[in-house]
Amino acid sequence: MIKKTIQVGLIGFGTVGCGMAEILLQREEEIAGRLGVPLCLAQVADLDIERERPIKIKKSILTTNAHDIIANPKIDIVVELMGGISPARELILDAIAHGKHVVTANKALLAYHGEEIFKAANVAGVEVGFEAAVGGGIPIIRAIKEGLSGDQITDIFGIVNGTSNYILTKMSNEKASFSDVLKEAQVLGYAEADPTLDIGGGDSAHKLAILASLAFGTPVPIKEVYTEGIAQITPMDIAYADQFGYQMKLLAIAKIADGQIEARVHPTMLPKETLLAKVNGVFNAICVVGESVGETLFYGRGAGSAPTGSAVVSDLIDIARKRLTDQQAGAPTIRVPHTGTLSSHRVTLPIRPMEQIESRYYLRLIVEDRPGVLSKVAGVLGQHHISIASVIQDGRKETGAVQLVMMTHRSREKDMQAALKTISESKTVYKPTTLIRVEGT
Ligand code: HSE
């Protein structure tokens, strides 16, 4: 029998769940017009079903037991928006085993267990939509899997954590304190339940692992993604970056060269005139470089209930369309492979160790204020083949100490770390040296 509605079950009625439910209710007619049949929110599970929410739904569809949704034979698509690894992983695998299509925004889960989930979905012949897992409302997953499928992607540069970008922007524009801005981002619903994932770079690393794996057709183990967050960034470094003509961003970088993948997340100075440097507040942007197309840029709100909810609904529509076509064809089809590449054609490429990457560097040292110290530091860098591009030694003195700020030319990470180790052993260097990598010209 041809279905007259597509029934959706939601697990996790939090910020994004409310955003999704609101869109489904408000745009009921438009969605039915795009799909041919209505998309109906049939059941919602959350441990807390009493709390006041910004959206009103019928009490009769609420349950505290996620298994009610998985076992409900009427439900076609299960949406997992509870976040975290467990029990989200078990619930998704169970939903797949029950023949349900799945939509999730769970980037941490996909970064750790994506391969397992996609394999199970392939076996069961069901879809897993995850547009909302990266870039909030930006359709970057579909862009890589479909829009750029004719190209060979070579590089990805992404600002993919709204909370960190919000914090860095406010620190830069309003000289606001780190902790005040973090609190604001939490109130606005941008931050993760555990905000150390945002400021520690973990959330960006999860998203980068997903993007790189789609772009390069290889698994990207999350443990091999070098990850450094923004907690050590001070207003002073942001001010020096500005003086050198740069903006500070938490950047997720993935590259493919010589059969190896580079995947890293760290604070990065970007030339102020570049488009990525102008991406402010909770906005995300992902620059994807293809061999044929060159640079492309995808920009939009990277967090928040409505933008992320809209990405979830786009997956629901996509999967519902497929479900309706399958019914007419009489058999399930996989139109676009989950990872963009057929599993039979995926390869396992090595991830380049961090010490082998090359970058330009910003260094800020607090050194003893006496003759010969600058030349000593420069000498150590020179011994490690690191050439200095410019130096600022300004009057912002601590007691008997001075700030020595340097920009280097392109150098090897291994050489830089070795030089810093020697420099840190010197009695004339007072505090750990701040190192920030620099991209662009
Ligand atoms: N905490 C995430 C962010 C939410 O700030 O970008 C969206 O994934």
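**Close-ups of a predicted model**

**View 1. T63 in its strand.** T63 belongs to strand 3 (residues 62-63); strands here are DSSP runs of E of at least two residues and helices runs of H or I of at least four, numbered from the N terminus. T63 counts as buried because its relative accessible area is 8%, and buried means under 20% (1.4 Å probe, protein chains only). From T63 to S310 there are 247 residues in sequence and 24 Å in space, C-alpha to C-alpha.

This is a predicted model, so local features need pLDDT of at least 70 and side-chain atom pairs pLDDT 80 or more, while totals for chains, interfaces and linings use all residues. Numbering runs from 1 along each chain as its sequence is written, and side-chain values use heavy atoms, with hydrogens and water left out.

**View 2. Who sits around the ligand.** Count 13 residues surrounding the ligand, the closest being K107, G162, T163, E192 and D198; to be near, a residue needs a heavy atom within 4 Å. That shell splits into four nonpolar, four polar and five charged residues.

View 3. A ligand oxygen lies 2.6 Å from an N or O atom in the T163 side chain. Helix 7 (162-174) and helix 10 (202-216) are the elements giving two or more residues to the ligand's shell.

Key:
Polar contact = N/O pair within 3.5 Å; in protein donor to acceptor, adjacent residues only side chain to side chain. Nonpolar A, V, L, I, M, F, W, Y, C, P; charged D, E, K, R; others polar. Buried < 20%, exposed > 50% of the residue type's maximum accessible area, 1.4 Å probe, protein only.
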